[in-house]
Each structure stands twice: as structure tokens, then as C-alpha cells.
Amino acid sequence: MSEPMVKAEGVHKRFGRLEVLNGISLEVKAGEVMCLLGPSGSGKSTFLRCINHLEKINSGRLSVDGELVGYRETGGKLHELRDSEVCGKRAQIGMVFQHFNLFPHMTALDNVVEAPVKVLKLRRAEARERARELLAQVGLAEKADSYPAQLSGGQQQRVAIARALAMRPKLMLFDEPTSALDPELVGDVLDVMRQLASQGMTMIVVTHEMGFARGVADTVVFMDAGVVVESGKPDDVISNPQHERTRTFLSKVL
Amino acid sequence: MPSEATESQEGQGRPEDIKAVPVRHPGRWITAAIVLLITVAIINSVATNPRFEWSIVGQYLFDPRILHGVRITIELTVVAMIVGIVGGVLLAVMRLSPNPLVSGASWVYIWFFRGTPLLVQILFWNYISALYPKINLGIPFGPAFIHADANSLLKPFLVSVLALGLNEAAYMAEIVRAGIISVDEGQSEAAASLGMSRLLTMRRVVLPQAMRVIVPPTGNETISMLKNSSLVSVIAYTELLYSAQLIYSVNYKTIQLLLVASFWYLVMTSVLYVGQYFIERRFGRGFSRAEQAGMRERWLGFGRGSAGGAP
């Protein structure tokens, strides 16, 4: 338990001339829930995408479960991982997107079954059984044979969570999972995430849901302009922010 | 008026449907009458003009030489489309490759084969043996493993398939590429986040969705191919048109045999239309909340006042 699940040291990311991440350092312990707050463009989503190597970092060190993201270190030298190795790493990290990104040509069940069968090489019958359990867990047992277009946004996002969980990830990344939802559908998705947190899943959540951050997060990190402005226990950061930037942001969203 | 609201709620559950006098559309009836009149005039002239010699058309409709031509045309279309689709997918994936040499090669291929007329390409492939009398397959500048005489290898069927298929590949490449880039990037990202490789993502996630965009123009391409296959008549290959030409060069019933050929082309393209309808429905799965209205509903909708009813 001593090794943190995610460890970032001075992570920089540039898009052309634009510095999106300007030296991010933080740690997430196993079983911990971290909420990333901050205005749009502050680099929260980019940081999340760096963790499963959807984006390549330009400098600094970023590791998941004690292993560097995207590189292997031998003899003090960094070697880029091959595509298949990157895929193997990503398979252990679940990700949930703002716009769900379910596969529209597959039923809810097939969305959940696809990767376990094709990537983990599970037998289809076994994968289907597990997929049904997961859909039941997110409250959508009876929607297994529906196509994404026939589901509401909240239902789609819960299928997307089940799809990510089907890979038995050791870490779950949520990129604004409720931002694209109608207000009355947000609750169902947050309930599923709350339940997941109580089961001990390590989670990093980019969100604007202050209630969720306050109630569920072990750590809250406030980011702005590519740096961590402050971090700490949710009550400290949200109720008693130390920095002016945090205070102005919170006064707008609370 | 609160009393009205309570009244309607206390009614027998469902309110009555509106009964109104429909709007008259005299313009629709007049244009319909004009179209009908012209149609009758055309049919009358075609049926009564003795020079059409319909009995001769009927006589040759099922002539074994014509039926053989129909079979060759179908074979040519199927094989050339397979070459075209496989080549097109390959060229499209090459076109999207990060390697500039690979995408450049694809660009040059498409530029060349779309930039020269199909008829010229057919003639060119027919005379290729003048350029390369011997065909050797092997390591470039190294030893060759397969030797063949171009004239005996390049039979009319192979020349036709090469010419039609390689030309088609260039057009299919653009169609497939358009399909691939029409798929939202989030789909590839979601697949990547699940640990799926690029190839697996392409095969299981991107291409099945791209099919919805690829299938309709591919149907058009198949119909074009069926008709363009008549161009290989210039290299004396006995597909449908050349079979008809061979007959009328002897009996001089030119118009009648062209009508026979047209009849069979129409039959074949009609079959393709129906096939395309079902394939499109198959790949449209999951993209609409309700099943799309079929052809039947569209026709039944004619004459009802609402939008889109009038053709």
C-alpha cells in the first residue's frame, strides 16, 4: 500500500505553443477518490488523458501502480513502449467520457462484452454473464438489448461505466461524467459512482458537482492554468479555500 | 377559464380527433393529369410504331448468346467490385497512414486512376503485353520466381477485371476514407481506453460505423460498374453488350438487340436496388430510435395533405 496508485511529478504537456499542464505534481493512493476541480481550460481533462496515455506528456514523470506511463526505464534510459504494451496498460485503467462514447452499433450488453472478449480473451458466455451482472449493478438489467440511441443520457453513461468496469480496472478515470446530462439524470450516475467509491475503487474524477466532491472525495485538487493551486480534504478546500483564485471559482459554482 | 380545463379532464378519457374540411389541391390533380397524358402518348407511340419490331426483341430476349453475355456481365461486375472494394479499403487505410510515403503512394494511385478515362485504361491493359511480353514475379532487381507469357496470361477476362477493378479501387478509396473520417474520434478513444489495438478498433468499432456512410455510394458504384462493364466490349470480350453486337452485326437488327441488352441491364440494376435497400437497413441498426419508414409507407403517404406527400 506504500506505493501510490498514481504519482505525477512535474508533469508538463504542450499543444504546440500552448502550455496546458505546467508542472503537475500529485499522488493518489490506492482506494482513494480524488476530485479535480477548476475552470474549463485549466488542464484537468488533459491530465486525466495523460494518465492512460491518450496524450503524451512532454516532461516530468507520471506513473500508475509504480510503472511509468508510456515508457520503460532500463539502465537510466527511457524506452517508448510498443503499441501492444500501451494497450495492455490501458486495459487496466477504466475511463468514462463526458459524451459517453458508447459504440452506437452495438446493444448495451455488447458494448460491455466487446473488450473483455476481444482484449482479455474471456469466453463470450462468461463475459455476457458478467456484463449482465454489471448492468444490474448500474440499474439497467432490463436495458441490456437496447441500442445506445434508445437510452437516455444518464442510462448511456451508466452503461459506459459498466463497460469500463468489465475490464476489472485497478483505476477509474471520470472525465466530467455528468456535464452532458439533463439535471434530473445526474443523480443516478452519481449514485453509481458513489457506490463504486464505497467498494474501494481508486477513482480520479473531473467534475463540477461540488456536492459529490464534498461527500465522496478523499482529496480535492483545484487546478488553474495548468498548475495545482491547492489540494487537501474536501472540507478544507471547498469550505475554507486558502487562495484567492479558488475562492473566486467556488463563489461562481457553489 | 378554469371551468373548461376541468371539463376536458372529466371527459371520456381521450379527447375527440379534429374533424376539418381538408384543403383542396387542384394544382396537384392538373399536373398529375398532364404527366398521365404524356405517359400514355409515349407508350402509344412505342407500342404502335412497327419499326420497333417488338417480336424480334422477344425472340432474342432469351437467346443463349445473350444469356451467356448476362452471366459474363454479372461475373465481371462481382469480381471487379471485389477487387475495387478490397483495393479501396487498402488505399483508404494507406491514405490515413502517418507514414508520408505510404499515404503519398495512395494519393498518386488515386490521382492517376481517377485522372484518366476508364476506356483508355481498358485499352491500355489490353495492350500491356506490348510493353511487357514476359511477366516475372520475384524480388525487384533480384531473382524471379514466376515467369509467364503476358499474352497467354492476360486473357480478356483478366484484362477486364484488372482495368475495371483497379479503376474502381481509386473511387472506392475516397468513399471508404470519407466513411472512416465520418466516425467520431471519441469512438476510437473509447476503444483505446478499453485497451483495444488500432487494428481491432478499426475492424470492430470504426469500420462497422463507417459502413453506414460507405454502403449507399458503394451501391451506386456497383450499379455504375454493371453498366461500365459494357465498355470492355471494345476489347471484344463477350459480355452482354458485345454479345448483342455480335448478333446484330450479322442480322442488322441493331435497335432490337440494343433493346434486349437494355432490358437485361435494367433487370440487373433493379435487383441491385432492392439489395441495396436491405443492406442499408442492416447497417443502419442502432442509429434511429424508431425503425425507418419503409418504401411502402412512403407510397401510402402520397395524396395525404402533409409535407413531403407530393413527389
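## Strand β9 of chain A and its neighbours

Four bridges join strand β8 (residues 93-96) of chain A to β9(A), and the two strands run parallel. This is a predicted model. On to the next pairing. β9(A) also pairs with strand β10 (residues 203-206) of chain A, again in the parallel sense and over four bridges. Here A:Leu173 has A:Ile204 of β10(A) as its bridge partner. The chain gets from β9(A) to β10(A) through helix α6 (residues 183-198) of chain A. This β-α-β crossover is right-handed.

How many of the five residues of β9(A) are buried? Five of the five, residues 171-175, so the strand is largely enclosed by the rest of the structure. In a regular strand, side chains alternate between the two faces of the sheet. In β9(A), both faces are covered. A:Leu171, A:Leu173 and A:Asp175 are buried on one side. A:Met172 and A:Phe174 are buried on the other.

## Salt bridges within chain A

Over all chains, the structure holds 23 salt bridges. One of them pairs A:Asp188 with A:Arg158, with the closest N and O atoms 3.8 Å apart. A:Asp188 lies in helix α6 of chain A and A:Arg158 in helix α5 (residues 153-165) of chain A, so the pair ties together parts that are 30 residues apart in sequence. Buried or partly exposed? A:Asp188 is partly exposed, at 35% relative accessibility. A:Arg158 is buried, with a relative accessible area of 10%; the cut-off for buried is under 20%.

A:Glu244 and A:Arg247 form another salt bridge, with the closest N and O atoms 3.5 Å apart. Both residues sit in helix α9 (residues 244-253) of chain A. They are three residues apart, so about one helical turn separates them. A:Glu244 is exposed, with a relative accessible area of 51%, where exposed means over 50%. A:Arg247 is partly exposed, with a relative accessible area of 38%.

Chain B has 14 helices and two strands. Of its 311 residues, 32% count as buried. Take the contacts in chain B between residues at least 6 apart in sequence: 72% of these join residues at least 24 apart.

One salt bridge in chain B brings together the side chains of B:Glu53 and B:Lys253, at 3.3 Å from N to O. Where do these two residues lie? B:Glu53 is in the loop between α2 (26-48) and α3 (54-61) of chain B. B:Lys253 is in the loop between α12 (240-251) and α13 (254-283) of chain B. The pair therefore ties together parts that are 200 residues apart in sequence. B:Glu53 is partly exposed, at 29% relative accessibility. B:Lys253 is partly exposed, at 24%. Elsewhere in chain B, salt bridges link B:Arg95, B:Arg114, B:Glu174 and B:Arg177 in a network.

## The interface between chains A and B

The size of an interface is often given as the accessible area lost when the parts come together. Chain B and chain A bury about 2,100 Å² between them. Of that area, 58% is on carbon and sulfur atoms. Which residues of chain B lose the most area to chain A? They are B:Ser193, B:Leu194 and B:Arg204, together 29% of what that side buries. In terms of contacts, 21 residues of chain B touch 25 residues of chain A.

Two salt bridges are counted between chain B and chain A. B:Glu189 forms a salt bridge with A:Arg49, and the closest N and O atoms are 2.8 Å apart. As for helices, α10 (185-193) and α11 (198-228) of chain B each supply at least two residues of the side that touches chain A. α10(B) gives the most to that side, with seven residues.

Conventions. Residues are numbered from 1 along each chain as its sequence is written. Chains are lettered from A and ligands numbered from 1 in the order in which they are written. This is a predicted model: local features need pLDDT of at least 70, side-chain atom pairs count only at pLDDT 80 or more; totals for chains, interfaces and linings use all residues. Side-chain values use heavy atoms; hydrogens and water are left out. Buried means under 20% relative accessible area, exposed over 50%, partly exposed in between (1.4 Å probe, protein chains only). Two strands pair if DSSP finds at least two bridges between them. A crossover is right-handed if, with the strands pointing away from the viewer, the path from the first strand over the helix to the second runs clockwise. Contact means heavy atoms within 4.5 Å. Buried area is the accessible area (1.4 Å probe) that two parts lose on being put together, summed over both. A salt bridge is a side-chain nitrogen of Lys or Arg within 4 Å of a carboxyl oxygen of Asp or Glu.
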